[in-house]
Amino acid sequence: MIDNSQGPIESRLFIEGEFQPSSDGKTFSLVNPFTGEPAADVYEANETDVNKAVAAAKAAFPAWRDLSPADRGKYLHKIASLIREHEQEFARLEALSSGKPVSRYIDASVAIDTFSYFAEAGWTVQGTSSWNTPGQLNITTREPYGVVAAIVPWNVPLAYFAIKIAPALAAGNTIVLKSSEKAPLTCALGAKLIAEAGFPPGVVNVLSGYGPTTGAALASHMEVRCLSFTGSLATGRKIQALAAMSNMKTVLMELGGNTPAIIFPDADLEAAAAQTQFSIQVFSGQTCIANSRIYVHESVAEKFVPFFKSIFGAAVLGDPLDKETTHGPQVDKVQYERVKSYIAAGEKEGTLTLGGDAKRGYFIKPTVIENAPENAQIVKEEVYGPVVVINTFRTEEEVLRKANDSEFGLYAAVFTKDIDRAVRVSKLLEAGTVCVNCTSPCMPKDMPFGGFKASGIGRESYLHSMESYLETKAILIQADS
């Protein structure tokens with residue numbers, strides 16, 4: 001039974017300032033991963049709906065572009081205020097749709113801070129000037145693309161709703177955002193608050209649907225000039241190909257990860273254990289920055305591993321709506337079966353020493369695989385579940401080779417009290433973010449976030465995101481008579 005205990009759940013498309021069903025009336029069923037019961041029937045946008053949303057964004061662009069940063073910022077401040085008023089509702093909807101415990105819900109606070117920052121950031125869009133060419137005053141301007149598309153992930157959907165929308169709008173673009181079919185409800189509520197905040201129709205459009213249909217239509221649309229995507233490497237490759245085959249739109253991507261954490265002998269072992277276990281356990285391991293590979297020096301492994309397991313295994317599995325729960329189910333059956341298959345493979349190649357399938361709905365216990373070979377599937381690939389491989393090492397050279405032996409390069413961590421080693425290892429780790437004596441989900445808001453290698457293209461943060469949504473134009477002015 002669909003949960004309407006706190007009023008009907010909005011699940012329609014938001015196009016040109018109005019909620020509406022899909023043009024063909026098609027819906028898909030969203031299942032509560034904890035109860036296994038339907039959470040909502042959600043409208044699925046097709047190509048016609050995508051065309052309508054892009055046309056609305058294109059029509060709204062000139063007027064939005066020509067507003068002052070302050071006038072655009074008023075709307076961003078308003079949406080931040082409205083999200084603050086509805087934090088508990090957002091947390092409830094996320095628990096219903098993706099199984100994220102309300103005790104671990106951070107999306108609303110991230111969204112509030114992001115919209116608030118970019119409400120003031122539009123003034124930083126600046127060009128340059130030059131007299132270096134005799135007889136000419138030459139200037140550059142930074143200008144919005146026009147219609148931007150955004151495709152957000154299911155693990156922190158409201159956070160990315162803000163992370164994509166706020167800088168794009170502050171830069172003067174209009175936007176069409178596609179939520180994930182696995183977790184569309186908080187983005188739909190976000191759209192409801194966009195309307196309540198009074199944004200001009202068409203400036204923000206929010207669609208729900210699947211990647212091969214809705215997402216592909218956005219990626220190949222000739223009127224979309226820039227697309228920002230956060231999700232899997234496999235999907236990122238498809239989006240990049242569609243973008244190239246259509247209009248060569250600018251594509252920004254934050255893709256997968258396989259984060260290594262290195263524990264040296266002089267590390268604070270208890271602190272390292274506490275932080276690394278939280279990294280892989282939070283959101284039931286369903287984050288691209290979870291440190292799924294831990295390399296601990298062989299001289300301290302016998303101390304570190306018991307510390308780690310005692311905290312990791314103490315997670316409280318249960319109803320995501322219960323504030324005592326710290327560990328929810330996997331987002332759906334597909335993800336649950338995927339994680340189980342990795343565990344089964346890991347048991348054949350290494351040793352399962354903690355956890356495994358909880359045999360309770362879609363729950364996976366906090367799981368440890370030890371001594372898996374470096375070429376094992378569970379070491380090489382992104383599991384996206386509460387599963388960590390712990391291996392030992394002897395030398396710095398050895399562990400750097402192992403840590404960097406991945407197609408991913410999103411995040412890495414090193415634990416040591418030796419500052420020389422910390423600097424040296426940080427330089428040599430192939431990752432967009434390297435933490436010293438801390439680990440994910442540590443993400444300072446003013447630091448660039450993005451990946452090396454197959455983990456992405458571009459960077460996001462308070463100080464870097466707007467750059468991604470602006471073109472640079474050179475204007476050459478003949479100044480002599």
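Rings of Phe, Tyr and Trp (its six-membered ring) count as a pair if their centres lie within 6.5 Å. In this predicted model, a search of the whole structure finds 15 aromatic pairs.

**Two edge-to-face pairs**

A pair of aromatic rings is described by the distance of the centres and the angle of the planes. Planes over 60 degrees apart count as edge-to-face. Here are two of the pairs.

| Pair | Centre distance | Plane angle | Type |
|---|---|---|---|
| Phe-118 and Tyr-462 | 6.1 Å | 85° | edge-to-face |
| Phe-264 and Phe-393 | 5.5 Å | 85° | edge-to-face |

Take Phe-118 and Tyr-462. The pair links distant parts of the chain, 344 residues apart. Phe-118 belongs to helix 4 (residues 107–121). Tyr-462 lies in the loop between strand 21 (456–457) and strand 22 (470–478). Buried means under 20% relative accessible area. Phe-118 has 2% relative accessibility, so it counts as buried. Tyr-462 has a relative accessible area of 16%, so it is buried too.

**Charges and a cluster**

The charged end of Arg-421 sits over its ring, 4.3 Å from the centre. Likewise, the charged end of Arg-360 sits over the ring of Phe-363, 4.9 Å from its centre. Elsewhere, Trp-64, Tyr-75 and Phe-199 form one aromatic cluster.

How many of the five residues of strand 13 (residues 293–297) are buried? Five of the five are, so the strand is largely enclosed by the rest of the structure.

In a regular strand the side chains alternate between the two faces of the sheet. In strand 13, Arg-293, Tyr-295 and His-297 point one way. Ile-294 and Val-296 point the other way.

Which strands pair with strand 13? Strand 12 is one of them: four bridges join it to strand 13, and the two run parallel. Ile-262 stands opposite Tyr-295 in strand 13. Strand 16 is also joined to strand 13, by five bridges, and these two run parallel as well. Here His-297 stands opposite Phe-393 in strand 16. That Phe-393 is the ring partner of Phe-264.

Strand 12, helix 9 and strand 13 make a right-handed β-α-β unit.

Terms used. Residues numbered from 1 in each chain as written. Predicted model: local features only at pLDDT ≥ 70, side-chain atom pairs only at ≥ 80, totals over all residues. Heavy atoms only, no water. Phe/Tyr/Trp six-rings, centres within 6.5 Å; stacked < 30°, edge-to-face > 60°. Buried < 20%, exposed > 50% of the residue type's maximum accessible area, 1.4 Å probe, protein only. Lys NZ or Arg CZ within 6 Å of the ring centre and 35° of its normal. Pairing = 2+ DSSP bridges. Right-handed = clockwise from strand over helix to strand, strands pointing away.
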